Amino acid sequence: MTASLSSPSAQILHRFSVSNPIHIAETGIANIWQVTQRSGQLAGLKLYKSPDMGNEAPGFTFLQSKQGLGAVQVLDLDHNAALMEWLPGGSLGALSRTGQDHVATAELVQVALKLHQTPAASNVDYPALASWFSTLMTLSCGEHCSAQTKEDIHFCQSLVPQLLCTQRDVQPLHGDLHHDNILQGERGYCAIDAKGVCGERAYELANAFRNPTGAETLVRDPQRIARLATEWSVAFEVDRARLLDWATVKSALSIAWRTEGVLHEDAELDLLTTLRHAPRC
């Protein structure tokens, strides 16, 4: 635990009936603590820095609806905190980064299949996938952007409406499924950190093409992209071309989210080009 980081308040610990907090990780919006339940079992406590969970609130509804099938078990929730089962094993990202990418990608699609075995609650107001892409649709390219970058961004801005207007098998999705959001526990690999969004089933795997972090050369390998497109489209029963299209526009969306409306440069622009030109058949 860093010296500047305070432990969870006594009120929070009492609220969830836990003790012995150990700081595990910090994200841009939350801190994760390992805590001990009254039973003696470990759990994960996620404390948000704001008064609420922001855009991750629907994700907990999604995870709860899975009842532990391919997903972390959510034990309790409050306004800006969540108590979850403790997943002690490593992530699929760690496997990929240590030369076991084939194993990791096979496990990832199996987790996705488990998540979609159980229908999510239909009476939940999940945000629509279309609402996520407004940032990309209003993105402009700065004068110093290359011709290739301008072409790629304009291509994606044209493709997004086509994909959204022709969505297939629309359903609640995890929305941020990738290698480092899947951890191993006693029940096998389980997804964490869902966003919760309603959209085309094929979008569920789009973000995983960009991952894991720390394996940039691997992620940009055209042969790997082609392999994933083939293996995942068959296993997840989605169209290969649409899967790659969603992966392409997701890459562009992530770039747009990192800008302030005008794109100048980004480390993912080469990946965007590679995804765009990956064979669709």
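Student: Is Arg 227 buried or exposed?

Tutor: Buried means under 20% relative accessible area, exposed over 50%, and partly exposed in between, with a 1.4 Å probe and protein chains only. Arg 227 has a relative accessible area of 15%, so Arg 227 is buried. The model is predicted: local features need pLDDT of at least 70, side-chain atom pairs count only at pLDDT 80 or more, and totals for chains, interfaces and linings use all residues. Residues are numbered from 1 along each chain as its sequence is written, and side-chain values use heavy atoms, with hydrogens and water left out.

Student: Where is the place of Arg 227, and which residues does Arg 227 touch?

Tutor: Helices (H or I, at least four residues) and strands (E, at least two) are DSSP runs, numbered from the N terminus. Arg 227 belongs to helix α9, residues 222-235. Contact means heavy atoms within 4.5 Å; not counting residues up to four places away in sequence, Arg 227 touches Asp 101, His 102 and Thr 105. Thr 105 is 122 residues from Arg 227 in sequence, with 9.9 Å from C-alpha to C-alpha.

Student: What joins the side chains of Arg 227 and His 102?

Tutor: A polar contact is a pair of N or O atoms within 3.5 Å; within protein, one must be able to donate a hydrogen and the other to accept it, and residues adjacent in sequence count only if both atoms are side-chain atoms. The side chains of Arg 227 and His 102 are joined by a polar contact of 3.4 Å.

Student: What about a residue in a loop?

Tutor: Take Asn 181, in the loop between β7 (170-173) and β8 (182-185). Asn 181 counts as buried because its relative accessibility is 6%. A polar atom of the Asn 181 side chain lies 2.9 Å from the backbone oxygen of Asp 176. Beyond its neighbours within four places in sequence, Asn 181 has contacts that include Cys 190, Ala 191 and Ile 192.

Student: How many bridges join β8 to strand β9?

Tutor: Two strands pair if DSSP finds at least two bridges between them. Here 4 bridges join β8 to β9 (residues 188-191), and the two run antiparallel. They form a hairpin with 2 residues between them, and Ile 182 stands opposite Ala 191 in β9.

Student: How do I read empty space?

Tutor: Rolling a probe the size of a water molecule over the atoms shows where empty space is left. On a 1 Å grid over the protein atoms alone, a pocket is an open set of points with protein on both sides within 12 Å along at least five of seven lines, a cavity is a set where a 1.4 Å probe fits but cannot get out, and lining residues have an atom within 4 Å of a point. Grid points are joined across faces, edges and corners, and a volume is the space filled by probe spheres set on the points.

Student: How much space lies in the largest pocket?

Tutor: The largest pocket holds about 580 Å³. It is lined by 27 residues, and among those closest to its centre are Asn 207, Arg 210 and Lys 250. α10 gives the most to this lining, with 3 residues.

Student: And what is the volume of the second largest pocket?

Tutor: The second largest pocket has a volume of about 370 Å³. Of its 16 lining residues, the closest to the centre include Trp 86, Leu 183 and Ile 192.
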